[in-house]
Amino acid sequence: MNPPCSRCNKTVYPTEKVNCLDKYWHKGCFSCEVCKMTLNMKNYKGFDKKPYCSQHYPKTSFTSVADTPENLRLKQQSKMQSQVLYKEEFEKNKGKGFSVVADTPELQRIKKTQDQISNIKYHEDFEKSRMGGEVPPSENNSNQGYQQSYNYDPQPVAHAPTPAPAPAPAAAAPPPSGGKRFRAMYDYAAADDDEVSFAEGDVILDVQQIDEGWMFGRVQRTGQQGMLPANYVEMA
């Protein structure tokens with residue numbers, strides 16, 4: 001059975017049939033919807049299953065959306081959701097990456113100072129935990145008796161070249177008393193407010209080790225106390 005034409009609804013016979021856009025047309029009925037120009041399979045353009053010429057083919061146009069209160073609310077809500085997602089991603093990724101910092105001389109000096117402060121703090125906490133924060137009375141009494149009976153008799157010694165003191169660490173709180181006794185091998189003049197000066201042969205009391213290059217003690221002759229270079233004294 002022959003199908004009807006999509007334009008005139010008359011029967012379309014095989015000799016004049018055009019099959020296009022899922023429909024059947026007479027060759028003369030296959031024309032533009034606007035100007036009625038006869039089309040063929042090479043020059044037609046289909047839109048909504050209807051044939052058009054290139055001149056009258058419907059153009060796609062965009063519609064503007066008004067900034068209604070509802071649209072503004074949806075826009076604000078979408079913006080807030082984006083910010084929440086950004087913060088969640090930031091919290092998840094925080095700490096995973098790192099920035100490369102140049103190892104400048106200033107950063108090296110700061111790092112060294114921080115290491116020295118940490119080392120001093122560690123020694124302070126260690127001494128406090130070891131001695132219980134206080135010196136037993138028996139140890140104080142024994143030190144006082146020993147100090148009173150000690151008479152220094154200087155002996156002539158060969159003068160060796162005075163070594164250079166190690167770099168002074170950051171200022172630390174005075175450690176508890178009851179430390180060791182040392183004797184000065186060379187004269188030393190304090191280079192900072194938290195250091196102590198002494199002369200060759202002076203007795204240094206209550207000496208506590210701060211780090212490899214510095215100690216803390218009290219000069220028996222002057223009664224002054226402070227930090228002193230470890231390579232300027234020896235065990236008495």
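User: Why is aspartate 206 called buried?

Analyst: In this predicted model, aspartate 206 has a relative accessible area of 18%, and since buried means under 20%, aspartate 206 counts as buried.

User: What makes aspartate 206 and arginine 218 a salt bridge?

Analyst: The closest N and O atoms of aspartate 206 and arginine 218 are 3.3 Å apart, and the rule asks for a side-chain nitrogen of Lys or Arg within 4 Å of a carboxyl oxygen of Asp or Glu, so the pair qualifies as a salt bridge. Aspartate 206 lies in strand β6 and arginine 218 in strand β7, so the pair ties together parts that are 12 residues apart in sequence. Arginine 218 has a relative accessibility of 23% and therefore counts as partly exposed.

User: How many salt bridges does the count come to by this rule?

Analyst: The count comes to 5 salt bridges. One of them joins the side chains of arginine 183 and glutamate 234, with N to O at 2.0 Å. This pair links distant parts of the chain, for arginine 183 is in strand β5 (residues 180-184) and glutamate 234 in strand β9 (residues 233-235), 51 residues apart.

User: Why are arginine 183 and glutamate 234 called partly exposed?

Analyst: Partly exposed covers what lies between the 20% limit for buried and the 50% limit for exposed. Arginine 183, at 24% relative accessibility, therefore counts as partly exposed, and glutamate 234, with a relative accessible area of 28%, is partly exposed as well.

User: What makes aspartate 202 buried and arginine 221 exposed?

Analyst: Aspartate 202 has 8% relative accessibility, so aspartate 202 counts as buried, being under 20%. Arginine 221 has a relative accessible area of 55%, which is over 50%, and is therefore exposed. The side chains of aspartate 202 and arginine 221 meet in a salt bridge, at 2.7 Å from N to O. Aspartate 202 lies in the loop between β5 and β6 and arginine 221 in the loop between β7 (214-219) and β8 (225-229), so the pair ties together parts 19 residues apart in sequence.

User: How do you know that the length of helix α2 agrees with its number of residues?

Analyst: Helix α2 (residues 105-131) has 27 residues, which at 1.5 Å a residue should span 39 Å, and because its end C-alpha atoms are 39 Å apart, the two values agree. Within α2, the residues Gln116, Ile120, Glu124, Glu127 and Met131 are buried, and what covers the buried residues of α2 includes β6 (203-209).

User: Which residues have the most contacts inside the largest nonpolar core?

Analyst: The largest nonpolar core has 19 residues, and those with the most contacts inside it are Phe182, Phe198, Ile204, Met215, Leu228 and Val233. Strands β5, β6, β7 and β8 each supply at least two residues of this core, and the largest share, 4 residues, comes from β7. Leaving aside neighbours within four places in sequence, leucine 228 is in contact with residues including Val196, Phe198, Ile204, Trp214 and Val233. Apart from this core lies another, of 9 residues, among them Leu21, Cys32, Tyr52 and Cys53.

User: How do you know that β1 and β2 pair?

Analyst: Pairing needs at least two bridges between the strands, and 4 bridges join β1 to strand β2 (residues 23-26), the two running antiparallel. The bridge partner of cysteine 20 in β2 is lysine 23. Together β1 and β2 form a hairpin with 2 residues between them, and leucine 21 in the turn has a positive phi of about 55°. Strand β1 (residues 17-20) has a covered face, Val18 and Cys20, and an uncovered one, Lys17 and Asn19.

Terms used
Residues numbered from 1 in each chain as written. Predicted model: local features only at pLDDT ≥ 70, side-chain atom pairs only at ≥ 80, totals over all residues. Heavy atoms only, no water. Expected span 1.5 Å × (residues − 1). Buried < 20%, exposed > 50% of the residue type's maximum accessible area, 1.4 Å probe, protein only. Contact = heavy atoms within 4.5 Å. Core = buried A, V, L, I, M, F, W, Y, C linked by side-chain atoms within 4.5 Å.
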